[in-house]
Amino acid sequence: MCGIVAYVGRADALPVLLDGLRRLEYRGYDSAGVALAGDSGISVRKAVGRIANLAAEIDQNPLAGNCGISHTRWATHGAVTRENAHPHSDRSGRLHLVHNGVIENYLTLREQLIERGHEFHSQTDTEVLAHLVGEAYDNSGTKGEGALVEALRTALRQVIGTYGISIVHADVPGVLIGARRGSPLVLGIGKNEHFLASDVSAIASHTRDVVYLNDYEIVRLRAGEFEISTLSGTGSDYRISRVDFDPASVDKGQFPHYMLKEIHEQPHTARDALRGRLSIEEATAKLGGLNMSNGDLRAVDRIVLTGCGTAFHAALTGEYLIESLAHIPVECEFASEFRYRNIPLQRDTLVFVISQSGETADTLAALRESRRKGHRTLGICNNVASTIARESDGGVYMHAGPEIGVAATKSFTSQLTIFALLALLLGRIRHLSHSDGRDIISALESLPDLVARTLEVESQVAAVAKKYCRASNFLFMGRQAHYPVALEGALKLKEISYISASGYPSAELKHGVIALITGETPSVFIAPQDAVFEKNLSNIEEVKARKGPVIAIGTEGDTTLSKICDDVILVPEAPHYLAPILTAIPLQLLAYHIAVELGCDVDKPRNLAKSVTVE
């Protein structure tokens, strides 16, 4: 969501800050700003819209300094205006602060501050936090960085909510202060320079040595030193991590958009998700990161999968895969509801939380609630240094590489691949024979090639997209494990083309959905050759009887669909536990090409953020 980049050192801070903000553009934002501490105090520049607008503002009104903070905002409290953009200052105008997160009790605190004579110039919760810190500092009777840290502690003890923040103050030049609770913040360590960022990608081109701050930690930075302490005032242990960063992984290369690049990376990400995790000798999957023995896994009587958005759709697909191959009861919960429901979980329940970023606020809250109740909780994420990876009892790393496009693509199919591995592992512990396991491994080993073959339908999908791009509504339908794929296909179309789209189980057509069928409403049916193929055909016939256009996703060699559907896209034949990975890909391409036809900003869709780090 919002992005933070801060710098203190001997170099000019502005190029570092702007470069970092550009690297965070993919997260989604609506305004941006910087504050630099120079010889004449702290100068601030803000702009609504893209980083280019901020850069243009700075070109007209230059500023310089060796210490500064910067921010990209994704509006939560207050409209998208220059006044609401960060940084925000305190009453004195000498303290400036950037903030990711939400201060839930900001209205109460704002009223109290107004009663004490404070005036506010924005509608944000962040300005309240700036005033709180500034007031505590001004009332402390002392000056300097120690007093500023103590003032921050005083302020943070009054707030309810989440924060990742960075502060500069004119009284303490050459000093940055940062703190986190519930919103990621990483410290970058350089030679006579240090960095703070909400995402390591913003600073990885400047340093590979980082410290991932934990909740309730505060960091004080100077050019040549840093100190980490806790909200309670004690020192805090930390571990310096080495970032493995490939600049090519965040470059579009030959592709016009990150989303298309990432769709085409899926043969590689499928291979990377499988690498080293298949044992032909034992005919099973090897997932040592679960930190559970076969005996521990055998004792699991129930599995709960939880996530948000695309991760939730992956969980729904995982439910089908695990139940069909391992015969363990599985249920899926929206992470946003998990901690607010009093879900009866028996003792031998295993919980998985799924998040590409590993920082999704609702999913992290579900993880903490599950662990609080004593359940072993495992993560499936793409960032080995993320909060979910660090706080879970174990898990599976996706190895999908950076996903820059806001609309998730390769992370979805990586998650489905991991669920296939989990289903194999759990099935082999229970009832799958050695030969069954070998057959599944053989199919998994062919998956990257099947994905590559599926991508060959792109030109055909592009033609279909051109044909239907002016439709105002789409219906997506599938059965069994392809119902979640229908949900994901609808989500992709909504996210990047802004066309209304809904996903349903095919059999629900006659239970109300059929009222939406018109000659102008395309229905996308996921209808591979499987046990319910004939049932899907019947549903397609019902749509055609009402003059509704049908786009079908079928299996190579099928000759039936073309006789009754308007357009047919065929994918390679695959076992039922891998087919959803393949059928998802044409839907990703369909959404992409429709958005391109409509001239939409594919990688930065309106109102959306890549990583949702606030509730």
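Helices (H or I, at least four residues) and strands (E, at least two) are DSSP runs, numbered from the N terminus. Keep that in mind for every label I use.

A word on the model. It is a predicted one: local features need pLDDT of at least 70, side-chain atom pairs count only at pLDDT 80 or more, and totals for chains, interfaces and linings use all residues. Residues are numbered from 1 along each chain as its sequence is written, and side-chain values use heavy atoms, with hydrogens and water left out.

Let's start with a loop. His399 lies between β21 (395–397) and α13. His399 is not a glycine, yet its phi is positive, about 60°. What is the relative accessible area of His399? His399 has 34%, so it is partly exposed. The cut-offs: buried means under 20% relative accessible area, exposed over 50%, partly exposed in between, with a 1.4 Å probe and protein chains only.

Gln480 is another such case. Its phi is positive too, at about 55°, and it is not a glycine. Find Gln480 in the loop between β22 (473–478) and α16 (482–497). With a relative accessible area of 43%, Gln480 is partly exposed.

One more loop. Pro87 sits between β4 and β5 (88–89). The peptide bond joining His86 and Pro87 is cis, with omega about 5°.

Now to the sheet. Pairing here takes at least two bridges found by DSSP between two strands. Angles run from 0 to 180 degrees between N-to-C directions, and axes are lines fitted to C-alpha atoms, for helices over the stretch in contact.

Strand β2 (residues 31–38) pairs with β3 in the antiparallel sense, over eight bridges. Val34 stands opposite Arg45 in β3.

Next, β19 (residues 349–355). How many of its residues are buried? Seven of seven. Both faces are covered. Thr349, Val351, Val353 and Ser355 are on one side; Leu350, Phe352 and Ile354 are on the other. In a regular strand the side chains alternate between the two faces of the sheet.

β19 has parallel partners. Five bridges join it to β17 (residues 302–307), and five join it to β20 (residues 377–381). Val353 is the bridge partner of Thr306, and Val353 also stands opposite Gly379 in β20. From β19 the chain crosses through helix α11 (residues 361–372) to β20, in a right-handed β-α-β crossover. Right-handed here means that, with the strands pointing away from the viewer, the path from the first strand over the helix to the second runs clockwise.

Last, a helix pair. The axes of α7 (residues 266–274) and α13 (residues 410–430) come within 9 Å and cross at roughly 30°. On the α7 side, the contact residues include Gln266 and Leu274; on the α13 side, they include Lys410 and Leu421.

Methods:
Contact = heavy atoms within 4.5 Å.
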